[in-house]
Amino acid sequence: MILLIHIDEVKQGDRLSADAFNRSGVPLLKQGTILSLDDITLLMRHRLDYVDIDHSAVATSAASTAAVADLPAMPNMLRQSIEMSLQTYQSLFLESLTKGRFSADLTDRLLDPLLLDVDRKKDVVSLLLMLEEEDDHIYSHSLKVGLLSYYIAGWLGHSEEECYRISRAGYLHDIGKSRLPSILRNGKANMNPSELKEYRKHTQYGYDLIMDSLKDKVTALVALQHHERGDGSGYPQRLYKNGIHAYTRIVSVADEFINMAVVNEDGSKQGLIRILQNIYELGFSKLHEQPVQALIYHMSPNLVGKRVELDNGENGTIVLANQTDLFRPLVQIGEQFIDLAKQRQVNIRKVFI
């Protein structure tokens, strides 16, 4: 089915059903192009209002925000909320990229449908595992950071209004990347000094964008500070622990957790237990201990009942958390029980929903 779609509703992964021309008749993109972020930006900069999209085609772009469709265990209502939030974040990102600011009402459209749904889902481990297979592009990364920030804020006792503001700051923490060259937006490995210097500007860009668009200094500070670390090793201002805003401390923990969960260039990926161990260790120096402890001690009970794969090749189920070592629980394999706190040569490789 071929549809004429307004440019604001076009998504990454959509396929053009006809050549796209600018207002002077100069060809921009060919029929059959599967649209990337840069393609959509090109169309917007040439002020196209509508393009022909083939909705009968199945886009195969790795950047497609419809990647959540590959998650059969996800409830339909939650899936729809996530897809809506990803599409809204794309609109916000593109508006920032092309206009240098974004509409304030977009942030409410981004948050409201999703938070209403996920607040009923208390098992954050299952939610994160559902989202684990999703593409690790800017949109989905920001979505995950916003969601996890919302949970951590609640665990720390913040009011519902504060949880909403902290979650919004989590969603918007990387919005400054809209001003980076496309090759740097996902933070490619082995950046040279010049590229690294430019990449690190996204924190200041984010601060400026949020202040221009929302006039919200606290949310802007989170964007500016989310790479600061408690030992002074972060950027851009090398702040120490007490100089980092309380909201930033939460978002930074969520950001680190989500960053650790991505697939490495060699195709390897850290398991959930190992990620929690790494976050725990960072809580002694770089990350603030309160949101770290909230994350560890509220996620650990959600591990009970989850199926796991051990590094000795066996599969089992976590049946009991070990209160003295939260990362080494009691695992049942058939009728046998393995206490990982005692059998330390065996580790959990992977956790399943």
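I count two strands as paired if DSSP finds at least two bridges between them; helices (H or I, at least four residues) and strands (E, at least two) are DSSP runs, numbered from the N terminus. This is a predicted model, where local features need pLDDT of at least 70 and side-chain atom pairs count only at pLDDT 80 or more, while totals for chains, interfaces and linings use all residues. Residues are numbered from 1 along each chain as its sequence is written, and side-chain values use heavy atoms, with hydrogens and water left out.

**Sheet.** I looked at strand 5 (residues 307–310) and strand 6 (residues 315–320): they run antiparallel and three bridges join them. Glu-309 has Asn-315 in strand 6 as its bridge partner. Both strands belong to an open, antiparallel sheet of five, in the order 8-7-6-5-9. Strand 8 (336–339) and strand 9 (348–351) are its edges, each pairing on one side only.

**Salt bridges.** My cut-off is a side-chain nitrogen of Lys or Arg within 4 Å of a carboxyl oxygen of Asp or Glu. I searched the whole structure and got ten.

Which residue meets Glu-309 in a salt bridge? I found Arg-349, at 2.8 Å, N to O. That pair links strand 9 to strand 5, 40 residues apart.

For burial I use under 20% relative accessible area as buried, over 50% as exposed, and partly exposed in between (1.4 Å probe, protein chains only). Arg-349 is partly exposed at 43%, and Glu-309 is also partly exposed, at 21%.

Next I checked Arg-344 and Asp-325, whose closest N and O atoms are 3.2 Å apart. Asp-325 is buried at 18%, whereas Arg-344 is partly exposed at 48%.
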